[in-house]
Amino acid sequence: MKNIIIGTAGHIDHGKTTLIKALTGRNTDRWEEEQRRGITIDLGFTYFDLKNGDRVGIIDVPGHEKFINNMVAGVVGMDLVMLVVAADEGIMPQTREHMDILGLLGIEKSILVINKCDLVDEEWLELVEEEIKEELEGTFLEDAPIVEVSAATGEGIPHLIDVIEQMTAKEVEPKEINTIPRLPIDRAFTLSGFGTIITGTLLTGSISKEDVLEMYPIGKECRIRSIQVHGQDVDRCYAGQRVAINLSNVKKKEIARGCVLAPPNSMKNTMLLDVKLNMLPSSMRVLTNHARLHFFTGTSEVLCRAVLLDKEDLGPGESGYVQLRLEEEVALRRGDKFVVRFYSPMETIGGGVVLEPNPERKKRFQQDVIEELKQKESGSSEDIIELHVKAHAETMVTLGELAKLTALSMEEVEADVRSLEAQGKVYVFQMKKDVYVWHAASENAMRETLCETLRSYHNSHPYRYGMKKAEVHMTYLKKVKANVFDLYMEMLVEKGVLRRHQEFLALPEFEIPKDERYQRLHDQMITVFEDAKFDFAKFSEIPFEEKERPMAEDIVMFLVDEGSVVKVAEDLYTRKHFMEEAREIVEGMLREREIITIAELRDALNTSRKSAKPIMEYMDSIKVTKRNGTESERVAYV
């Protein structure tokens, strides 16, 4: 069984509500005022079943000009619209505006229903039908089937049902079931004993009892207590169904039309939207930069300013890229349709599609901005994800962040990222909790920067193993988390782009040159170490030439790492064989007695206390000795 949503549209008092009652046997006017005044103020909902078993939900959209915002809310999720025109009046101004709104919101499937045929003769009916056909020429309703009925007498109603069944049997597009659920709220109320109830058309995905979802943009999590579809309790509802949901943990006063129910952290509130805006050919207005507008999308109505990004202004029938700067937060998804109305007087002037629901603030007439928006307009979800990844060149971006920015399910994002990775367009870094994605162009630029940096570093510091990894991180990728940076460095080492020695990074071909200068400085310090033996000379006091001292410091660190020189303490170095000799002496002393002192070691090595103390502390560090409670006494470590 398919769930189909049909909406009605048309001028006030052309019989939409009566037509729905003829189709379903139910009155959609819920409020006393609606029934007393004979007009639909708010959205009315009911349903009927087709002979093939499909269930048709009908939304009775208001026809009065004052209630256009409710009319826009009602279009959300429609598969088919019935444009109702009274035979005794024909197309009226309100009908034309409804046609414009339906077209802007992407409604393509429609039936033109000429109602109240019992009030006119056949000749008049033919004239009205011709007039309607002329009016609809060039619109999305141009090829719509025309059905003549009288809702009051029931004439033509069976034929209308047959036409609905024929059109919905083959032409209704399948709903997006396998993505995040999104339910724009068009009504919220309280029932005694139940609490908060919301209603709306589930646009995508599915919702189950006990699910925990988030109410956007208020940012409040709530649990699904129960679900009804057309008055029947169900455990799960699906995209395309009209639903009523009983929520816990949220009060009616916190919810307004325009709120959206979706999974936690699956969407992101915004006050900026990048859009493609199409002006109605019938509009009498020219849209100028920074004009104030009424913005309608889903069930939201928000005031905004329109910043024209690629045009000086937009006249009737023209299109352009626009950044809408909203006065209240909304939560939308790329591809959502919208309508804009002039601020005052309130009249529909255009609409379009959201290209980027979470943009940065943009300047006008920037060619790179315009090219990016063109790509977003024509691209797939994979293309959009690639653009978002590219926009996070300095930080990388997680799969969770991509899902939130695009309002796609994690499964959809993962599939697109896998595809991009297979094409070599992105790199993926799998961590325990998150998966980070980086654009190949960003990585390639960083790779070139690192190689050039290391090349320069090797020239400036030829006797160092390379640049410290921490320094590379803080200089070039400081906005990337340390563990992700480490994974990237591992990748570069595996690919042979870099070589790593302990905490140093170098180009793979780099070797410390043992050239004439190296040999001269090496021999100078080794001579000092050999002459001093256990009477250590401070390294800082070795008389190197001032300009060569930094190189000597690099060479001694290289010798320490290589193992031929030992760092005994800060600024104290000696040959390795001297410390091996000292170790043998200390171990021999400990075999003879349980406790030895620094003074005894001094005498055994024939040196000063100033040198014996760091030697003893060095023995502590290599676990030959350990303190015996006093600073000067030592026992064997084991």
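Colleague: What should I know about the model before reading it?

Modeller: It is predicted: local features need pLDDT of at least 70, side-chain atom pairs count only at pLDDT 80 or more, and totals for chains, interfaces and linings use all residues. Residues are numbered from 1 along each chain as its sequence is written, and side-chain values use heavy atoms, with hydrogens and water left out.

Colleague: Which residues of helix 13 are buried?

Modeller: In general, an α-helix has 3.6 residues a turn, so residues three or four places apart point the same way. Helices are DSSP runs of H or I with at least four residues, strands are E runs of at least two, and both are numbered from the N terminus. Helix 13 covers residues 482-494. Its buried residues (under 20% relative accessible area, 1.4 Å probe, protein chains only) are Val484, Phe485, Tyr488, Met489, Met491 and Leu492. Viewed down the axis, they fall within an arc of 155°, taken from the directions to the C-beta atoms, so they line one face of helix 13.

Colleague: How many salt bridges are there?

Modeller: A salt bridge puts a side-chain nitrogen of Lys or Arg within 4 Å of a carboxyl oxygen of Asp or Glu. The whole structure has 37. One of them pairs Asp620 with Arg634, with the closest N and O atoms 2.9 Å apart. Asp620 lies in helix 18 and Arg634 in strand 35, so the pair ties together parts 14 residues apart in sequence. Arg634 counts as buried because its relative accessibility is 0%.

Colleague: Which residues do shared partners join into one network?

Modeller: Lys469, Asp486, Arg500 and Glu503.

Terms used:
The expected span of a helix is 1.5 Å times one less than its number of residues. Buried means under 20% relative accessible area, exposed over 50%, partly exposed in between (1.4 Å probe, protein chains only).
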